[in-house]
Amino acid sequence: MKKIAILGSTGSIGFSSVDVIRNLEHDFKITALTVNTKIELLLPQIKEFNPEVVAVRDRAKAAELRKLVDCTVLEGDEGLIELAATADYDIFIGAMVGFSGLAPTLEAIKRGKRIALANKETLVVAGELVTQLCEKYGAELLPVDSEHSAVFQSLSSEQSSNIKKIILTASGGPFFKVDKNEFNSITVEQALNHPTWKMGAKISIDSATMMNKGLEVIEAKWLFNVACSQIEVVIHPQSVIHSMVEFIDGSVKAQLSVPDMKLPIQYALTYPGRMPANFVNNNFPKIGTLTFFEPDMSKFECLGLAFESLKTGGTAPCIINAANEIAVEKFLNKQISFSRIPGIIKDCLNKIENHKTPCLETIFETDRLTRELALGLT
Ligand code: MG
């Protein structure tokens with residue numbers, strides 16, 4: 001029986017994780033859950049799984065929840081950190097959204113746990129530190145992102161010195177075929193409407209700008225220890241090939257399945273084994289055609305900015321991540337246009353100082369300064 005902590009249990013990945021564990025009920029048990037604010041969605045999870053401890057980031061909501069349940073209810077950012085540092089679990093599912101996922105993930109790493117990581121920001125902002133700490137404490141970092149799970153599966157029994165390149169596939173998002181001139185008038189509703197994946201609001205907008213793929217490029221660099229020049233992005237609108245690895249002899253390995261996040265989540269829990277899953281039904285004649293296109297970096301500027309930040313290194317990825325989080329929030333609140341998102345990121349890259357080999361404090365400070373600057377931009 002493996003004990004599981006899910007951080008961000010009421011988000012899109014959190015819900016899928018709960019579903020997966022429900023199906024694998026005899027082998028896995030949920031012992032800890034955290035949410036930002038949505039205690040009304042956490043409450044039924046507490047009743048069903050009876051965790052020992054939960055944490056709620058919003059303090060008022062935590063106080064409300066405490067009156068309704070018997071388990072320990074921690075609160076605030078410190079509550080999430082305390083839960084990660086002290087709760088009884090074997091596997092930590094990091095399904096929180098954004099930079100706030102970093103600190104609790106570091107606690108789980110220091111305890112040498114298996115980390116099933118869906119929170120890509122952790123690796124984007126602090127990839128070098130996080131991978132060093134995983135090595136130091138013997139923590140096992142397993143990707144939950146579908147692309148990285150595909151690469152991880154393709155690399156099974158391969159030597160990393162034989163990798164020629166990693167090819168991350170991208171659906172292209174809802175605006176793959178939309179002309180750049182029309183980007184100015186894109187509405188929030190249009191941007192939230194992803195063609196192949198059902199996801200939370202932040203990642204849906206990131207997919208529409210292709211920043212999501214940019215963040216995944218940075219994530220891939222740290223997960224698989226390859227050079228920036230060894231990572232390629234190809235548009236694959238059907239989202240059936242989740243990513244590929246080309247080896248030095250020209251062979252390409254890929255992982256395929258109908259798009260469902262439950263599959264990479266389950267693999268991160270059962271690895272190196274596999275368990276039957278009733279949610280996947282691959283029907284290739286029905287899929288029919290798989291197509292591929294080159295990404296248009298002049299149209300999807302965010303993707304180019306992410307590549308650029310990885311080449312620059314230091315705190316540049318931290319800056320683009322923080323600027324992007326604020327810009328996406330502003331777009332969702334209808335304060336800026338869709339086409340302004342990359343502009344805000346560029347402004348922050350130009351104005352915030354880059355530190356070449358940042359310690360954790362510098363990363364936190366860079367994140368804070370970038371958010372402050374981005375909030376004031378229009
Ligand atoms: Mg992905």
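Q: In which helix is the place of Lys-110?
A: This model is predicted. In it, Lys-110 belongs to a helix that covers residues 102–110. That helix is H5.

Q: Is Lys-110 buried, partly exposed or exposed?
A: The relative accessible area of Lys-110 is 42%. A residue counts as buried under 20% and as exposed over 50%, with partly exposed in between. Lys-110 is therefore partly exposed.

Q: How many Å apart in space are Lys-110 and Cys-134, C-alpha to C-alpha?
A: In sequence, Lys-110 and Cys-134 are 24 residues apart. In space, their C-alpha atoms are separated by 7.6 Å.

Q: How many helices and how many strands are there in the chain?
A: The chain contains both kinds of element. The counts are 16 helices and 11 strands.

Q: Why is the chain said to be as compact as a globular protein of its length?
A: For 378 residues, the globule rule gives a radius of gyration of 21 Å. The value for the chain is close to this, so the chain is as compact as a globular protein of that length. The radius of gyration of the chain is 20 Å.

Q: What percentage of the residues in the chain is buried?
A: A residue counts as buried when its relative accessible area is under 20%. Of the 378 residues in the chain, the buried ones make up 55%.

Q: What percentage of the contacts with a separation of 6 or more is between residues 24 or more positions apart?
A: Here the contacts in the chain with a separation of 6 or more are considered. Among them, the share from residues 24 or more positions apart is 68%.

Q: How many Å apart are the centres of the positive and negative side chains?
A: The chain has 39 positive and 45 negative side chains.

Q: With which side chain does the side chain of Gln-153 make a polar contact?
A: Gln-153 is part of helix H7, residues 146–154. Its relative accessibility is 13%, so Gln-153 counts as buried. Leaving out residues up to four places away in sequence, Gln-153 touches Gln-255, Tyr-267 and Arg-274. The polar contact, at 2.9 Å, is with the side chain of Arg-274.

Q: Which side chain is joined to that of Ser-171 by a polar contact of 3.1 Å?
A: Ser-171 lies in the loop between strand E8 and helix H8, and it is buried, with a relative accessible area of 12%. Its side chain also reaches the backbone nitrogen of Gly-173 at 3.0 Å. The residues that Ser-171 touches beyond four places away in sequence include Thr-196, Ile-235 and Ser-239. The side chain joined to Ser-171 at 3.1 Å is that of His-194.

Q: Which backbone nitrogen lies 2.7 Å from a polar atom of the side chain of Asn-354?
A: Asn-354 is located in the loop between helix H15 and helix H16, and it is partly exposed at 28% relative accessible area. Not counting residues up to four places away in sequence, it touches Thr-312, Gly-313, Gly-314, Thr-315 and Ala-316. The backbone nitrogen at 2.7 Å belongs to Thr-315.

Q: How many Å separate the C-alpha atoms of Asn-354 and His-194?
A: Along the chain, Asn-354 and His-194 are 160 residues apart. The separation of their C-alpha atoms is 34 Å.

Q: Is the peptide bond from Tyr-271 to Pro-272 cis or trans?
A: Most peptide bonds are trans. Pro-272 lies in the loop between helix H11 and helix H12. The bond from Tyr-271 to Pro-272 has omega near 5°, and it is cis.

Q: What is the phi of Met-210?
A: Most residues other than glycine have a negative phi. Met-210, in the loop between helix H9 and helix H10, is not a glycine, yet its phi is positive. Met-210 counts as buried, at 2% relative accessibility. Its phi is about 70°.

Q: In which loop is the place of Ser-239?
A: Ser-239 is not a glycine but has a positive phi of about 50°. At 6% relative accessibility, Ser-239 counts as buried. Its place is in the loop between strand E9 (231–235) and strand E10 (241–247).

Methods:
Residues are numbered from 1 along each chain as its sequence is written. This is a predicted model: local features need pLDDT of at least 70, side-chain atom pairs count only at pLDDT 80 or more; totals for chains, interfaces and linings use all residues. Side-chain values use heavy atoms; hydrogens and water are left out. Helices (H or I, at least four residues) and strands (E, at least two) are DSSP runs, numbered from the N terminus. The radius of gyration is taken over C-alpha atoms; the globule rule is 2.2 Å times the number of residues to the power 0.38. Buried means under 20% relative accessible area, exposed over 50%, partly exposed in between (1.4 Å probe, protein chains only). Contact means heavy atoms within 4.5 Å. Lys and Arg count as positive and Asp and Glu as negative; His and the chain ends are not counted. The place of a charge is taken as NZ of Lys, CZ of Arg, CG of Asp or CD of Glu. A polar contact is a pair of N or O atoms within 3.5 Å; within protein, one must be able to donate a hydrogen and the other to accept it, and residues adjacent in sequence count only if both atoms are side-chain atoms.
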